[in-house]
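Visitor: I would like to learn how to read pockets and sheets in a model. Can you take me through one?

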Amino acid sequence: MKKTRRRVGLLLAAMLLLCAAGCGDVSHGKSLSKLLHLDVTDGTVAAYQDSHGGFLGDGAAYWEITFPDDSVRQAIEESSAWKQLPMTATVQQLACSLLDAQPPALPAVERGWYFFYDRHDQSLDAWDAQAALTRHSYNFTVAVYNADTDTLYCLVLDT
């Protein structure tokens with residue numbers, strides 16, 4: 001009887017772990033897809049860090065997602081939300097001066113596309129990075145897609 005209960009308990013624990021592990025990837029893919037206006041659910045999360053927390057939710061989140069083929073690249077090319085590299089001077093200033101202080105920083109990418117979206121509540125045009133430079137707090141998403149490696153790097157900053 002004890003062995004049977006123990007086996008059932010271990011089986012239930014294993015099932016819960018598998019469900020939790022599977023849900024993690026789905027939530028990363030869905031939440032990131034929403035942030036980037038792009039379906040990234042076919043990718044594999046190679047790295048993830050999140051320092052958000054506390055009362056105000058300040059922090060930075062970082063994703064590195066690899067893709068088995070160039071299907072995301074094709075979607076990026078067709079999207080008006082993604083721009084071909086190099087970044088504009090304003091986006092580069094925000095990405096370099098603010099995000100380089102967040103571990104890890106976006107890697108240098110020679111060939112690909114970038115994405116910038118200002119999520120600040122005072123933003124009049126979420127696609128325009130210029131206004132973000134005039135504020136004392138930041139809430140934006142910046143991402144880079146490396147066309148040579150089919151890898152997406154994304155940072156979300158909230159201060």
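**Pockets, then the sheet**

Guide: The largest pocket has a volume of about 270 Å³. Keep in mind that this is a predicted model.

Visitor: Which residues are closest to the centre of the largest pocket?

Guide: Met87, Gln92, Pro107, Ala108 and Val109 are the closest, out of 13 lining residues. Helix 3 (residues 89-97) gives the largest share of this lining, with three residues.

Visitor: How do the residues of that lining divide by class?

Guide: Ten classes of side chain count as nonpolar, among them Met, Pro, Ala and Val. In the lining of the largest pocket, 10 residues are nonpolar, one is polar and two are charged.

Visitor: What is the volume of the second largest pocket?

Guide: The volume is about 170 Å³. The second largest pocket has 13 lining residues, and Ala81, Lys83, Phe116, Trp127 and Asp128 lie nearest its centre. Strand 4 (112-118) and helix 3 each supply at least two lining residues. Strand 4 gives the most, three residues. By class, this lining holds seven nonpolar, four polar and two charged residues.

Visitor: How many bridges join strand 1 and strand 2?

Guide: Six bridges, in the antiparallel sense, pair strand 1 with strand 2 (residues 59-66).

Terms used:
Residues are numbered from 1 along each chain as its sequence is written. This is a predicted model: local features need pLDDT of at least 70, side-chain atom pairs count only at pLDDT 80 or more; totals for chains, interfaces and linings use all residues. Side-chain values use heavy atoms; hydrogens and water are left out. On a 1 Å grid over the protein atoms alone, a cavity is a set of points where a 1.4 Å probe fits but cannot get out, and a pocket is an open set with protein on both sides within 12 Å along at least five of seven lines; lining residues have an atom within 4 Å of a point. Grid points are joined across faces, edges and corners, and a volume is the space filled by probe spheres set on the points. Helices (H or I, at least four residues) and strands (E, at least two) are DSSP runs, numbered from the N terminus. Two strands pair if DSSP finds at least two bridges between them.
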